[in-house]
Amino acid sequence: MISRDDCAGADTLRLDITDLIPGPPAACEPCVERVVISLGRSKAIDSAHRAPRDARAAGTVCVHFDAAALGAEEVRQAARTVGARTGCAHGDRGPVGRRAAEGSPPPPTGADALTTPPPGVSDAEPPAGPAIEVRAEAPAGPHGQDPAHDGTRAHRREHQHSHDHDHGPFGERAELVFALLSGVAYLTGLLLGLATDAPEPVSLVCYLAAYAFGGFFTVREAVSTIRAGRFEVDFLMLVAAVGAGAIGRWAEGAVLLFLFSLGHALEEYAMGRARRSIEALADLTPATALLRSGERVTEVPVERLLPGDTVLVRPHTRVPADGFVRDGEGTVDQAAVTGESLPADKVPVADPLAALRDPATVAPDSRVFAGTVNGAGALEVTVTSRAEDNTLARVVAMVRDAENRQSPTQAFTARFQRIFVPAVIGTVLALLGAGLVVDEPFTASLYRAMAVLVAASPCALAIATPAAVLSAVARAARSGVLIKGGAPLEELGRLTAIAFDKTGTLTEGRPRLTDVAPARGVSERELLTTALAVERLSDHPLARAVVRDLDARLGDAPVPTADSLRAVTGRGVLARLGGVPVAIGSPAFFPAGGRARPAPAEPAGPPLPAELRARAEEWEAAGRTTMVVRHGARYLGVIGVMDTPRPEAAAVVARLRGLGVRRAVMISGDNQRVADAVAARVGLDDAWGDLLPADKVAAVRRLRADEHRTAMVGDGVNDAPAMAHATVGIAMGAAGSAVALESADIALMSDGLDKLPLATGLSRRTSAVIRQNLLLSLGIVAVLVPATVLGLGIGPAVLVHEGSTLLVVANALRLLRYPEHA
């Protein structure tokens, strides 16, 4: 608690709350808390807090600042700006006040959803952040809606509008409609010429109409690629169609453009199917949310939600925003985001204000994601991110971006086409001079050259890899696996080695009490109650694990009260229980047998019995962290704690081996014996322990030198350096970490390893599909080119050409049906 004396001095400024937020301060405690948090996030401001509640300081905020960097007036002005931008104004000032004056109830801002903090909470000093700047969201529209950020739904509307505008009144189906009209025109001209006595110009008009409809989008595409300095398939097809018309083969030119435009339209439709499966993720977020303000619930667009708002999530409805459960209990189906097959239990956070200050600390069983489905219980959720910044929106954006990241095979085909297309054009020009070598008219040479041009067009080759990559990325996203493009997708499919971090990846990252061994003549209850009494006083992570598990194990059994805790760093703790000294620590903390006097770091007393030391060493060899308990001169026994492997870890490693991973290793900062024990239980080949972060990077480099292609699996945060040096970096539990989403090549959204075999198997299947597509597309070209040189016409050539393109796309779309447990 802050004392009154803490709010005195030249570097301290008291600010009247009513000057910052017009209206009665008691009516807007959450607004005051929001101003305090915003001010405390500035480098030049050391801290900000509510002044102690006495008669002299009632209704004031105390700001401690660096007087050398800021003047008092600058601090006062910054605080007023924060207060104005919170949107918490009362009375008749500000946009909220104006709405109230007009008779409509003012919608709450983000922090208004929070209750008044308990005494002492608002006096805590928030962590410092970047320079003096206003952190509260400035409401540019009703309830803070920012015109520059309309959310993912607005982005989709804008995208849809531009797409429809580009395609005219037929929308996305315009290309298919034009292709069908081209076919109707071609068939009409053909039937008129074959079945009627209609004059030839009538059929010619029909063929010209087929040219117009079939060539409309082809011309547009060719112009855009030529402007970009590239000659692609569209240009080659147009040249062939114009050449056919130049020698009077209008019917063949018309069928060429008809079949090419039809194939392209069907190809776009098929590729659109994969894209639509990605867009379906974005549509999971509901359009509106039930915003709670006191007892009033208002339906608002999700784009208007701000961090700090509280929304009501009714049973069997979708969660509208990322946040944490503030009230209510139930289950939430998170499959859309994390890929988990079973609904996750959700409970409220203990301290909503602390959770809002630092959402990253919220436990998984209190965190919820936009687009997930609530179960049978109603929940109140405090929002932690805006619509455009939620986890689902970031995933959709990254999956969209992944389409533009080239894989090695895509890069190869692009380089190949840059050489192949000019070579085709050179060959066609050479064939135009065939009449100089053989006795044939120029029209026959031109026709043959145009047929070769059609046969050699690498349309199927160009789409072979992107179609497979897009389908695989979309399939993976449906199961909660984010793959950032073709490069990591293909590399994962070729991996021969995988390195795992230990803590939180192969293990649960949550130490558990695993073993208890009372000394001879000591009851288990005495051992456990003594350990619990002392460990309750410690804030060490292992102590918290012991307290948690002993509380559950002892139930309602009476536990004595210890005092006078003193920690001996790296060894153990000392305390007093009933006036008698208690020592808890590793075996090295206690005197060894035969030693005349204890070492300086050891508590005075008899040496550790040989049987207890042997038991402790046995457990340590099996990967446990051991703690010996001594009360006075009596040794009560030894307990063992271990960060246990995840239940699925061994099965996942076995499945990876079945998919072709030859070597699986663990790199850990834990001691080598613990690393060896965990590796043996999970079924790994090697375990490298006692590694600092720099050592982990060296370990990954060594593994890459041995195996060439190596993946590193970690949490994406403290493992980021090692992941960056691996062939593929895989982050686990990325749904709750923006850093993991950004840093990893592949992100497993759920906090579990069970999706890793899916990602690996899908990558290997994708590599196989890409190889099949490349062989098919190149094989068709290898057959068609000689066939057209020997006399195959344009019509059959374009039919086979477009058929192969559609076959390649259909083969790629099979990846959308890749089974969950292949």
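A residue is called buried when its relative accessible area is under 20%, exposed when that area is over 50%, and partly exposed in between, as computed with a 1.4 Å probe on protein chains only. The model is predicted, so local features need pLDDT of at least 70 and side-chain atom pairs count only at pLDDT 80 or more, while totals for chains, interfaces and linings use all residues. Residues are numbered from 1 along each chain as its sequence is written, and side-chain values use heavy atoms, with hydrogens and water left out.

Rings of Phe, Tyr and Trp (the six-membered ring of Trp) pair if their centres lie within 6.5 Å, and planes under 30 degrees apart count as stacked, over 60 as edge-to-face and the rest as tilted. The structure holds eight aromatic pairs. One of them is the tilted pair of Phe178 and Phe216, with 5.2 Å from centre to centre and 45° between the planes. This pair links distant parts of the chain, since Phe178 belongs to helix α6 (residues 174-195) and Phe216 to helix α7 (residues 200-227), 38 residues apart; helices here are DSSP runs of H or I with at least four residues, strands are runs of E with at least two, and both are numbered from the N terminus. Phe178 is buried at a relative accessible area of 18%, whereas Phe216, at 37%, counts as partly exposed.

A further pair, Phe590 and Tyr635, is edge-to-face, with 5.6 Å between centres and 70° between planes. Because Phe590 lies in the loop between β18 (580-585) and α20 (610-621) and Tyr635 in strand β20 (residues 634-642), the pair ties together parts that are 45 residues apart in sequence. Phe590 is buried at 1% relative accessibility, and Tyr635 is buried at 9%.

Among the buried residues of α19 are Ala543, Val547, Leu550 and Leu554. Just after this helix, Gly555 takes a positive phi of about 65°.

Glu707 is found in helix α23 (residues 693-707), and is buried with a relative accessible area of 15%. The side chains of Glu707 and Arg662 are joined by a polar contact of 2.8 Å, the term denoting a pair of N or O atoms within 3.5 Å, of which, within protein, one must be able to donate a hydrogen and the other to accept it, while residues adjacent in sequence count only if both atoms are side-chain atoms.
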